[in-house]
Amino acid sequence: MKSGKVELLSFGPTGARHGDTLVFIGKNLSKVTSIQFTGTAAMIEQKNFVMHSEELIKLIVPTSAEKGFVTLKTADGDIVSKTIFNLNVLTSVTSITAQARPGENITITGNYLNWVTRITFARDKLATTFVSKSINQIVVTVPADAETGPLILSYGGTDSADVQTADTLKVTLPVTTALSPNPIKHQTNLTITGTNLDLAKKIIFAGVATPVTTFESQSATQIVVKVPAGAQTGKVTLVAASGVTSVSTMDLQVVLPAITNIGPNPILPLDNLTITGTNLDLVTGVSFTGIVNPVTTFVSQSATQLVVKVPDGTLKGKITLSVLNSSLTVISSQVLDLIGGLPPLANFPYPIYTDALQNAYQNWSWAANDFNSTAIVRQGTTSIKATYGAGGYEGITFHAGAPTATSGYTKLEFSVFGEAGTGGKTLNVVINGNWGAPATVTVLAGEWSTFSLDLSAIGASTTLSEVVLQSAGWSGVIHIDHVGLR
């Protein structure tokens, strides 16, 4: 007996485009009253079939049809296709919202946008859920960490594909318009005014590696933040959730003490030194060369003048000011000299280093060094600060541009000051590459020692091409000054 049951045997093509003719083959198809495609308003009523018979239905694929199963509607129930209907679609974009804040909704218009499965913002920030989606429009929320750039829309069909927008979405950033007070002291509150400041997640101050992430208060037009101890004069940088920065057009002036003069100079130890300048009321300590701890008790102090007693044992060198609520220090441009201090060293007939390299000698060192240090000076205005690394044999090297004839000279002389922890350490003196048999001297900590070595004894009786002062397997900091031949 012939069955009256509706059967769908096949349909196709399954990779059709919208507007193509789709053919359904089966049995008792005359009972089909409509065909439902996946997608909103994707129902085709019987009256709109192109052909309709017992074994065949032809229809035009509606523009609202999406990838998915197809359902044949009958009075006896639904018949769902066993295979998925795929479509060859070509999504396109005609416009996007030009600018938006993170968290705001933007609108994208175009064709077949209902096929879009995700939107990629700049730097691979993804949105996979939408406020709304239709054939011609998508409304999507801008991710909190989105950045300015074009959008990439990914869509599916027979073959998935991507389309990039020709236009760029500009993601709003916080902008600084004013800083107050300016100048400002460390560890006091700075008020930043501007626009979209509620988007700022971090603030970077000049001279401070770690951004500030905790604010006293924050709104769209104002941020109040405490100036960190290490802040220096410079720009203030706001960082959005995306990591994109917005730099202030104006500098934040950070108040620091400034020294204009120190006197008397030279001075006797235990006498009063007068420091003049500005903002000296912010000074919490004065450090003297050769003295471990800063002096924190002053004879008198005002914004323009600071009087402090010079500690016994102070060496020639610059003074350093510690600053209230700050990790920064201020170093004098003048060198403080001591009456009755170390006697001056005689000038060399052949200098190698006196405030700078002389006679075409070059710095070939492989230890960290500063050949213009003003921290601790034996004579003149600068010395060499040598920082020897942990456990290594590192050297400060004076290399001659051309070998120096040593006839007429008898001594190689140099002065060394050892910082804490270097006392009693051996310093190798390697001459002309004689690494196997160096001369040695012993470093004294906290004071200058002047060493005078016989040229004939160290292997430089005729020429000198190189002098290396090498740590003998220890680490620490020394200062080298006044190097030359006598």
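The structure is a predicted model, in which local features need pLDDT of at least 70 and side-chain atom pairs count only at pLDDT 80 or more, while totals for chains, interfaces and linings use all residues. Residues are numbered from 1 along each chain as its sequence is written, and side-chain values use heavy atoms, with hydrogens and water left out.

Ile60 belongs to strand 7, residues 56-60; strands are DSSP runs of E, at least two residues, numbered from the N terminus. Its relative accessibility is 36%, so Ile60 counts as partly exposed (buried is under 20%, exposed over 50%, partly exposed in between).

I turn to the aromatic rings. Rings of Phe, Tyr and Trp (its six-membered ring) pair if their centres lie within 6.5 Å; planes under 30 degrees apart are stacked, over 60 edge-to-face, and the rest tilted. There are ten aromatic pairs by this rule. In one, Tyr353 and Phe371 have ring centres 6.0 Å apart and planes at 85 degrees, so the pair is edge-to-face. Both residues are buried. Phe11, Phe24, Phe37 and Phe85 are linked by ring pairs into a cluster.

Finally, Leu336 counts as buried because its relative accessibility is 1%.

Note on methods. Helix = DSSP H or I, 4+ residues; strand = E, 2+ residues; numbered from the N terminus. Buried < 20%, exposed > 50% of the residue type's maximum accessible area, 1.4 Å probe, protein only.
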